[in-house]
Amino acid sequence: MSLLKYESQLREPLVDGDKNYHQTTEDIIGPIETRPTMLWWIGFSLSLLLLAFGVYSVYREVVYGIGQWNLNHTIGWGWDITNFVWWIGIGHAGTLISAILLLFRQGWRTGVNRAAEAMTIFAVICAGQFPIFHMGRVWVGFYVMPYPNSRGPLWPNFNSALLWDVFAVSTYFTVSLLFWYSGLLPDLATVRDRAKTKFRKMFYGLTSFGWTGSTKHWQRHESLSLVLAGLATPLVLSVHTIVSFDFATSVIPGWHTTIFPPYFVAGAIFSGFAMVQSLLIVTRKVLHLEEYITVGHIEAMNKVIVLTGSIVGCAYLTELFVAWYSGNQYEWWAFRQNRVNLFSPYGWAYYGMMFCNVVSPQLFWSKKLRRNVTFTFFMSVLINVGMWFERFVIIVTSIYRDFLPSSWSTYYSPSIWEVGFFLGTFGLFFTCYFLFAKFFPVIALAEIKAILKTSGENYKKKMTPVEKMDSEKFYIEEVEHAH
Amino acid sequence: MLQPLIHPLFKTRQFEDSLLKLIGNPTPFIDYFRNLWVSKLGSVNGFDAFLQDGIIEKNISASSVISEAKDTTNTSNRYQQAEPATALSGASFIGNVADASQKISAKKGGETELVLYEKVSIGNGSHGNNAWLHELSDPISRATWDNYAMISPQMGESLFGINIYDRRQSDAYEVNVDKPVMKVTANGKTIEIPVLIIPGTHPNVIAIALGYGRQSSQKEKTGEYIGRAAENVGINVYPLTTFDGTSISYASAVTVEKTSKQFPIARTQLHNITEGRPIVRETTLKDFKTNPGKLNEEEREELERYGEHFVPDATMYPTYEYPGLKWGMSIDLNTCIGCSACTIACVAENNIAIVGKKDVARMQDMQWLRIDRYFTGNPENPSVVFQPMLCQQCDNAPCENVCPVAATTHSSEGLNQMIYNRCIGTKYCANNCPYKVRRFNWADFRGADAFPDNQRGIISNATADLDDELTRLVINPDVTVRSRGVMEKCTFCIQRIQEGKLHAKIENRPLKDLEVKTACMQACPTQAIMFGNVNDKTTRISELRLREQKERKYYVLEELHVLSNVNYLVKVRNTDHEVGDIKEEHHS
């Protein structure tokens, strides 16, 4: 009778297929060393086109004024800040996967963390464009920076939630970037070592910072990862908390809500994972990485989605209940008439949000659907549409009809340049992502190799004779040997 | 004496300079003029004294002075006596009233009657090229830059199927800028004109404003000959008047017909009623007399719960005591007639930009002071309340603490100030303003920013006349022109406050009450607006707040604890009818 089972009955392997170290390297580094495919060129060109349109849209706004947008004196924030919060939310999954799951020792993070972190960084870059260019005078935007200056010195207003945003987002970006890049170092060194052309040698030589793979390097690398994970973990929670303060600390009915911080964080993780799903389902298919980003990974992330989606749903209902329970007529109006009333001008946004974010993720309670890749892709897009609706509902339906009915706004729909700005950030995001997928290892190679020791076919094969041993023999051969 | 007062405008030459040039004298007029008078008066000192005094003192005999004075007195006496005589001579009217009224009523043949009226802003059309007046919204319809047919809710429903008492339909109707167009036929002439449904209009009456659709005989040159503000504004309805040989009739029977067309109307207020919110308050004279204290009973009870020190108690920040001046304003809803003179006065005083129809339609208008109009009472036959709404200069201002760069701050006199060159234009303050009185510079209306003047073709052409090289010179030099991308707002005419304080300082005395008047207060024909120092308990405003109108005083949205410095006085109606908010029930 076999004494030990090395294959878990509960957990599926984190890597499929019979992989050894060399094969893994070939699979992951391979695409970097070949010429880009036609598909890549098409995708990259489309992204660049979108980016160019975005740049032109922003150019018009900077040169001719915010009047290029359809905002007005009642709706001061519309698509701009909606998109900012949306992108920031998307940028939450990466750091959650790398930092929090690292601290919780979740092995499955290794397959997806690199791409998710990259996505985080690009999403935060996209998000940052909106608060920058929503300023009427972007050329004096540096006034928000607290530094001893020759204007007094005049300091920013530390009471403003918008200023907290500046700090929160820039800190988050810095830490995420460091985290991502330090994880990349061993893999970049692998690419460098395999490089054949002079340019590639130089490029990857420079970017890998002289990594040699010595034990000392690894030891420092591991320590750094832990330190950064420790730093990044509170940031995952704080960034969207602070973004939510933009609204929660205001006086506007529908904004002034104490539930916002946890609600925003859950929503951010929810949308972040949905975006990771959208990207990775395509990436694994195109780069043939199905054995590294397995259906098990997708299912694990779908579990996070159903959890966070349910939290978000609870938050929506709580918020609605409290609006009624508060007895505040302005608050209740914002919910009852501006949102819940399907026939009010923006009723569609509220029900779109409810359907995409609350109803649809509940389907993931079914294991069959959780493991269905096509369905997951469809759902991930739906969730991100829903999360966009959520931000739009919070921002626009609160302010378009607030305290004084005399100021209630016309129907706000974006101008072509507002839409262009949003599309432009898609262009920026995918341009970055295409470059990343082409020139950087999209899977954390070194970490995959580490889990190959304890997971996958190769490991199972090695362990089969061990499983067959009786305890005596096992003790003599394996344990003694190990000592 | 006539001497040059300003530098030559652009590349022009003064008339007198031209004369000098003609006679071949190369001396500039100012020197020529100066030399002439210096030689006449004998010295430079004499000339300077003349300039300073404005007169040349001569030795005149006392008797001639007295006789001259007598003459003046006589003239003015004659004039004063004559005036009341003509003014009161109405009794001399000799006409047959019965006959006249018969003639007027005889005209009413059709089912629907057309009333042609003059709007408070444009009048008979002589101001048709004035962008300020076009952008001033009508007190009732709140529409700008157009004339339109005002029809009753009943006609709106029968003709266009829009029931504005149904929330679903009124929501769709009010947020949509495009309004239905109808065909109006009168005296054999037909026009197509957009329609606004206005509660309180008689079911069988449509009303259209005269004075619109002004154009040059060469239509395409209207902008050039009459003014760019006059281009394509409204429809000329003078052809619909009738002339019977002796007088023009402005009312006639018409037939109206629905069309499937739509036309955008730019309005500054879309929602008609207060939705039960205690924003405008009304009572009847009877109730007021019975129990005047009832009006602010609720407020008193609420404040009692928090005690005397509710202001410092409600904040974690230190509070400021305002030891010196503290500005406040009191606005009387009883006397406000909605004429909007204050709005125009504010526009003129504070160099507020005109944005044109397209931008008003998307609510990017810039006026700092607006007249909010609410229909109250019986929805079938509503009353109207006008509420001038401007920055409330909150002591606990929601706009101030959200600005990331501290571009809007509170002054030691209780004013909420804007520091334009610190503003980066996040619009967060405007979002967080419960009164929505902050205005953003969506474009460069004044050619005032760091970028070259690049707005032609971007902003409305109607703004061009106010921004040309010459008209710009009327801009109030005491007030900064704002550049694109900054927020602006009412600051109680801080330039006037400053001027008043400086005067007082020069004369080494304290500032007197009513020495500083805001532009809106000064322009108000019914004295509905009172402004002054509320720290001084003897000022007019303190008198109103603390004694005269104590019971009628209330603050809009006081429950938000923004501590506004503008109070309103409850409207008291001498009526038996129902007053107050139109409630939700009436809608369904």
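In this predicted model, I88 of chain A, when its neighbours within four places in sequence are left aside, is in contact with V124(A), A127(A), V169(A), V239(A), H240(A), V243(A) and A268(A). I88(A) also belongs to the largest nonpolar core, a set of 257 residues in which I88(A), V276(A), A149(B), I206(B) and I529(B) are the residues that touch the most other members. The element that gives the most to this core is helix α9 of chain A, which covers residues 260–286 and supplies 14 residues.

Chain A as a whole contains 18 helices and zero strands. Its radius of gyration is 25 Å, and because this value is close to the 23 Å that the globule rule gives for 483 residues, chain A can be described as being as compact as a globular protein of that length. Along its principal axes, the C-alpha trace of chain A spans about 85 × 55 × 45 Å. Of the 483 residues in chain A, 49% count as buried, and when the contacts in this chain with a separation of 6 or more are considered, 83% of them are accounted for by residues 24 or more positions apart.

The description now turns to the strands of chain B. Strand β9 of chain B, formed by residues 251–264, is joined by four bridges to strand β1, formed by residues 112–117 of that chain, and the two run antiparallel; within this arrangement, L114(B) has S252(B) in β9(B) as its bridge partner. Strand β4 of chain B, residues 178–186, likewise pairs with β9(B) in the antiparallel sense, here over seven bridges, and D178(B) stands opposite P264(B) of β9(B).

A further pairing involves strand β12 of chain B, residues 327–332, which is joined to β19(B) by five bridges, the two strands running antiparallel. G328(B) has G532(B) in β19(B) as its bridge partner. Strand β19 of chain B spans residues 529–533, and because five of its five residues are buried, this strand is largely enclosed by the rest of the structure.

Where the two chains meet, 55 residues of chain B are in contact with 44 residues of chain A. On the side of chain B that touches chain A, at least two residues are supplied by each of α8 (167–175), α15 (398–402), α16 (428–431) and β17 (439–440) of chain B. By residue class, this side of chain B divides into 27 nonpolar, 14 polar and 14 charged residues.

Key. Residues numbered from 1 in each chain as written. Chains lettered and ligands numbered in written order. Predicted model: local features only at pLDDT ≥ 70, side-chain atom pairs only at ≥ 80, totals over all residues. Contact = placed C-beta atoms within 7 Å. Nonpolar A, V, L, I, M, F, W, Y, C, P; charged D, E, K, R; others polar. Core = buried A, V, L, I, M, F, W, Y, C linked by C-beta atoms within 7 Å. Buried ≥ 20, exposed ≤ 12 C-beta atoms within 10 Å, placed from the backbone. Pairing = 2+ DSSP bridges. Rg over C-alpha atoms; globule rule 2.2 N^0.38 Å.
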